[in-house]
Amino acid sequence: MSLGEKIFKFPSLYRGKTTILKALNGMSDFSLNPLIEKREIIDIGCGTIQYFYAPDKALRRVGIDTSPEMIREAKRLYPRSEYLVQSGERLPYADNSFDVALLLFMLHHVPSNEWDLFLGEARRVAKKEILIIDHVQHDSPPLSLIQRTYWRLVDGGHIYRKEKEWFSLLQSHGFIIKDYKRMGTLFGNICYFRL
């Protein structure tokens with residue numbers, strides 16, 4: 001576990017960090033609620049707190065995370081949800097078990113050689129849509145350097161793709177991109193895909 005990922009052992013610190021970053025990125029109005037409301041959802045890499053949707057709006061919500069500390073805090077915050085401590089590379093659910101699979105700010109923590117497994121499992125268990133929110137690397141070399149330095153020191157992720165790389169990856173896996181947004185006042189550093 002990298003230095004940046006050690007924050008996952010301290011859910012309250014993680015929650016504070018993500019609250020600050022959401023405010024700095026000017027994303028307080030962005031919501032996935034219309035896409036998850038009254039649907040069965042699986043949140044792969046759920047972490048502790050959800051800023052982009054209200055878990056209780058889902059008909060059924062399953063949260064998956066590898067951190068027992070994160071799951072323990074998530075259970076406290078959202079007791080109606082179901083939880084599993086495990087990785088998303090092999091999910092213990094039948095095909096089409098959920099309406100929507102969410103991969104929110106978690107793929108960059110997965111080594112690039114495992115992305116196929118995570119995307120494949122999300123596709124397998126979701127009968128309607130996959131929603132991805134993650135980081136996107138700036139095309140400008142100086143701004144990209146600032147982003148990568150920050151991510152290396154504070155975030156601890158493995159891979160941060162550029163916009164073209166995201167599109168290429170998703171299209172190479174046969175995904176149809178229904179909606180895409182590039183967001184965030186800090187370098188336009190957040191990408192959203194609805195597949």
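This is a predicted model: local features need pLDDT of at least 70, side-chain atom pairs count only at pLDDT 80 or more; totals for chains, interfaces and linings use all residues.
Trainee: In which sense do strands E1 and E2 pair, and over how many bridges?

Mentor: Strand E1 (residues 40–44) and strand E2 pair in the parallel sense over five bridges. Within this pairing, Ile42 has Val62 of E2 as its bridge partner.

Trainee: What do E2, helix H3 and E3 make together?

Mentor: E2, helix H3 (residues 68–77) and E3 make a β-α-β unit that is right-handed. The strands E2 and E3 (residues 82–85) are themselves paired, in the parallel sense, over four bridges. Asp65 has Val85 in E3 as its bridge partner. Strand E2 (residues 60–65) is also mostly covered, with five of its six residues buried.

Trainee: Which residues of helix H6 are buried, and where do they lie around the axis?

Mentor: In H6 (residues 163–172), the buried residues are Trp166, Leu169 and Leu170. They lie on the same side of H6, because they cover an arc of only 90 degrees around the axis. Lys164 and Ser172, on the other side of H6, are exposed.

Trainee: Which residues form a nonpolar patch on the surface?

Mentor: Tyr150, Leu153 and Val154 form this patch, and together they have about 270 Å² of accessible area. Tyr150 belongs to helix H5 (residues 141–155). Its relative accessibility is 35%, so Tyr150 counts as partly exposed.

Trainee: What separates Arg124 and Glu121 in helix H4?

Mentor: They are separated by about one helical turn, because they are three residues apart in H4 (residues 115–125). Arg124 and Glu121 form a salt bridge whose closest N and O atoms are 2.8 Å apart. Arg124 is partly exposed, with a relative accessible area of 23%, whereas Glu121 is buried at 11%.

Trainee: Which residues are linked with Glu129 in a network of salt bridges?

Mentor: Arg39, Lys178 and Arg194 are linked with Glu129 in that network. The side chains of Lys178 and Glu129 meet in a salt bridge at 3.5 Å, N to O. Lys178 is in the loop between H6 and strand E6, and Glu129 is in strand E5, 49 residues apart. Glu129 counts as buried at 7% relative accessibility, whereas Lys178 is partly exposed at 44%.

Conventions:
Residues are numbered from 1 along each chain as its sequence is written. Side-chain values use heavy atoms; hydrogens and water are left out. Buried means under 20% relative accessible area, exposed over 50%, partly exposed in between (1.4 Å probe, protein chains only). Helices (H or I, at least four residues) and strands (E, at least two) are DSSP runs, numbered from the N terminus. Two strands pair if DSSP finds at least two bridges between them. A crossover is right-handed if, with the strands pointing away from the viewer, the path from the first strand over the helix to the second runs clockwise. Patches are made of residues with over 30% relative accessible area and no salt bridge: like charges are joined within 9 Å, nonpolar side chains (Val, Leu, Ile, Met, Phe, Trp, Tyr) within 5 Å. Accessible areas come from the Shrake-Rupley method with a 1.4 Å probe; for residues, only the protein chains shown count as cover. A salt bridge is a side-chain nitrogen of Lys or Arg within 4 Å of a carboxyl oxygen of Asp or Glu. The arc is that of the directions from the helix axis to the C-beta atoms.
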